[in-house]
Amino acid sequence: MLVRKLQECEEFTAGDGTILRELLHPDKQPLALRYSLAHAIVPVGQTSIPHSLTTSEVYYIIQGKGEMHIDNETEIIEPGDAVYIPPNARQYVHNCGNEPLVFVCMVDPAWREEDETIYQE
């Protein structure tokens, strides 16, 4: 059994500017997983940097309110929402609420730096 405690996972700023804690990754733990799982935070008023992945991604919103941008679509997201982000879609999220936007990210297959493109405007 493997139990990862969020507060014991190292916090870092991802390439898209979100504050991340990586919970599960098959390259870092002896797990038979295809996906990686991370906890993310976008502070109040902040926007992640537009980016795309060659893999699919799912966000599950835990706290806060945001505007999710995927290619040419925009939707308001809030706790309890699951957002599917298709491979190669240009995406970013803006925290338009009054508290941190907190969500879980699942990337399948597991996130790798070479699969991500960051768009500098």
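Biologist: What are the helix and strand percentages of residues 40-106, and how many Å apart are the end C-alpha atoms?

Modeller: Helices (H or I, at least four residues) and strands (E, at least two) are DSSP runs numbered from the N terminus. Here residues 40-106 are 0% helix and 58% strand, with end C-alpha atoms 11 Å apart. The unreviewed UniProt entry lists this span as "domain: Cupin type-2"; such annotations may be inferred rather than shown by experiment. This is a predicted model, in which local features need pLDDT of at least 70, side-chain atom pairs count only at pLDDT 80 or more, and totals for chains, interfaces and linings use all residues. Residues are numbered from 1 along each chain as its sequence is written, and side-chain values use heavy atoms, without hydrogens and water.

Biologist: In which sense do S3 and S10 pair?

Modeller: Two strands pair if DSSP finds at least two bridges between them. S3 and S10 are antiparallel, with 7 bridges, and Ala38 faces Cys105 in S10. S5 and S10 also run antiparallel, joined by 7 bridges; there Tyr60 stands opposite Val104.

Biologist: Which residues lie nearest the centre of the largest pocket?

Modeller: On a 1 Å grid over the protein atoms alone, a pocket is an open set of points where a 1.4 Å probe fits, with protein on both sides within 12 Å along at least five of seven lines; lining residues have an atom within 4 Å of a point. Ala14, Leu20, Glu57, Trp111 and Glu116 lie nearest the centre, among 21 lining residues. S3 contributes the most to this lining, with 4 residues.
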